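Please read the points below alongside the coordinates.

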Amino acid sequence: MSHRSRVSILLFATVTACEPLASPRTGLDGNAPTPGNPLLMLTASQQHAFRQGSALFQTSFTPATGLGPLFNARSCAECHEDPVVGGVGDEVETHATAYHDGVCDDLGRIGGPVIQDSTTPALHAVLGLDKEPVPAEATAVGRRTTPSLLGFGLLDAVPESVLEAMADPDDRNGDGISGRPNRLPDGRLGRFGRKAQIATLHEFTSGAFINEMGITSPSEPREQTIRDAPLPPGVDPAPDPELGQAGIDATDAFVKLLAPPPPTLSSFTELQGRRLFATVGCTGCHVPLLHTGLNPVRALSNTTVSAYTDLLLHDMGPELADICLGQATPAEFRTEPLMGVQFKEVFLHDGRASSIEAAIQLHAGEAAGARDRFQGLSAQERAALLRFVSGL
């Protein structure tokens with residue numbers, strides 16, 4: 001039996017035997033924070049940082065304060081808003097990359113991979129562009145919905161060794177599932193982004209400021225431009241960096257300390273659905289529990305999160321394939337965390353599925369076996385499984 005199998009079985013045994021999960025730090029013990037609130041057990045300074053970051057997360061930027069000149073949104077909360085600040089959004093943005101002979105080019109030198117859909121009035125007046133054009137060099141374009149950020153700090157706190165133990169790139173146990181990490185050029189393991197192309201939550205946050213709002217910072221000092229051409233004089237009046245390190249740190253603290261939404265498991269039908277979720281093989285990728293390691297933040301240290309993901313890459317078949325990123329091929333996607341799925345109205349990375357059942361039907365590649373077993377359930381069993389997932 002592979003390491004992945006042993007870990008998956010252990011985790012499922014734990015979630016089955018001990019539901020409802022209890023942890024004073026994650027708040028899944030009946031005293032759970034309501035969505036949008038911070039984790040429990042924070043110090044006074046951490047609570048202060050959370051409040052500061054929340055204010056910055058909701059700040060609407062203007063060209064005078066750094067917005068653009070290319071952007072997708074004017075504030076973080078414009079996209080992460082439902083049902084609370086930090087949750088999901090209804091925006092769908094465009095990403096583009098090039099893939100040749102197994103090598104991925106994120107087109108970062110000429111504007112990729114995020115293609116901004118808006119320009120400031122000053123840039124529009126000079127170039128006549130309403131949005132950034134997709135580079136002609138792109139071999140694929142992908143659509144991306146806005147993920148919920150609730151509980152992301154706990155994902156950030158999971159040690160790489162935990163994720164590596166679940167990887168089975170050669171499918172040694174023959175179950176058809178061969179999850180693998182997306183390694184960055186410096187060797188770190190990616191875990192954020194639909195292709196697991198970002199290693200840390202701090203990088204995720206600073207990257208969002210520049211890619212989504214055009215806000216430069218000490219870690220992202222380079223302004224987004226059209227095909228790397230110099231910006232016309234006068235279109236970007238705010239001095240760089242447009243957001244200082246203190247602002248990045250505060251926003252990172254807000255996202256890191258957001259509590260995960262507690263799952264709703266209250267009826268026999270939902271409990272039956274949880275059992276079926278494992279029986280058909282969904283837990284082969286959507287691992288119920290992840291364990292954090294030692295962390296300077298007590299609320300994130302040595303605890304568990306009902307994330308329902310392994311944060312690894314899996315081949316999902318040609319129909320879902322779009323862009324590449326890092327080591328992730330066009331058909332590979334990081335297992336989407338299911339915590340917070342209760343707040344979603346559309347599903348999959350591009351929002352093409354209007355229901356959880358439709359999303360399952362589109363699973364292929366490594367997920368084909370679980371999909372087929374789901375389809376083989378009775379109508380009552382499928383309903384129970386779907387009710388369980390809809391409450392996560």
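1. Burial is used throughout in the following sense: a residue is buried under 20% relative accessible area, exposed over 50%, and partly exposed in between, with a 1.4 Å probe and protein chains only. With a relative accessibility of 12%, C285 is therefore classed as buried. This is a predicted model, in which local features need pLDDT of at least 70 and side-chain atom pairs count only at pLDDT 80 or more, while totals for chains, interfaces and linings use all residues. Residues are numbered from 1 along each chain as its sequence is written, and side-chain values use heavy atoms, with hydrogens and water left out.

2. On the cysteines, a disulfide is taken as a pair of cysteine sulfur atoms within 2.5 Å, and by this rule the count is one. The bond joins C104 and C324, whose sulfur atoms are 2.1 Å apart, and its S-S torsion of about 85° makes the disulfide right-handed. C104 lies in strand β3 (residues 103-105) and C324 in the loop between β9 and β10, so the pair ties together parts that are 220 residues apart in sequence; helices (H or I, at least four residues) and strands (E, at least two) are DSSP runs, numbered from the N terminus. C104 is partly exposed at 22% relative accessible area, whereas C324 is buried at 0%.

3. Two further cysteines deserve a check. The sulfur of C79 has its closest cysteine sulfur in C76, 8.5 Å away, which is too far for a bond, and C79 is buried at 10% relative accessibility. C285 is likewise in no disulfide, the nearest cysteine sulfur, that of C282, being 8.9 Å away.

4. F192 is buried at 0% relative accessible area, and F204 is buried at 16%.

5. The rings of Y308 and F388 have centres 5.9 Å apart and planes at 70°, so this pair is edge-to-face. Y308 sits in the loop between β8 (304-305) and β9 (313-315) and F388 in helix α12 (residues 379-390), so the contact ties together parts that are 80 residues apart in sequence. Both Y308 and F388 are buried. Elsewhere, F50, F57 and F254 form one aromatic cluster.

6. Grid points are joined across faces, edges and corners, and a volume is the space filled by probe spheres set on the points. The second largest pocket holds about 880 Å³, and of its 44 lining residues the closest to the centre are E336, L338, F347, L348 and A359. Helix α11 gives the largest share of this lining, four residues.

7. The structure also has two cavities of 30 Å³ or more, and the largest cavity holds about 80 Å³. Its lining consists of P147, S148, L150, F152, R334, E336, P337, M339 and K344.

8. Finally, the backbone has some features to inspect. Most residues other than glycine have a negative phi, and most peptide bonds are trans. The D82 to P83 peptide bond is cis, with omega near 0°, and G112 and P113 are also joined by a cis peptide bond, with omega about -10°. D101, in the loop between β2 and β3, has a positive phi of about 50° although it is not a glycine, and D101 is exposed at 82% relative accessibility.

Technical notes
Phe/Tyr/Trp six-rings, centres within 6.5 Å; stacked < 30°, edge-to-face > 60°. 1 Å grid on protein atoms, 1.4 Å probe; cavity = no way out; pocket = protein on both sides within 12 Å on 5 of 7 lines; lining within 4 Å.
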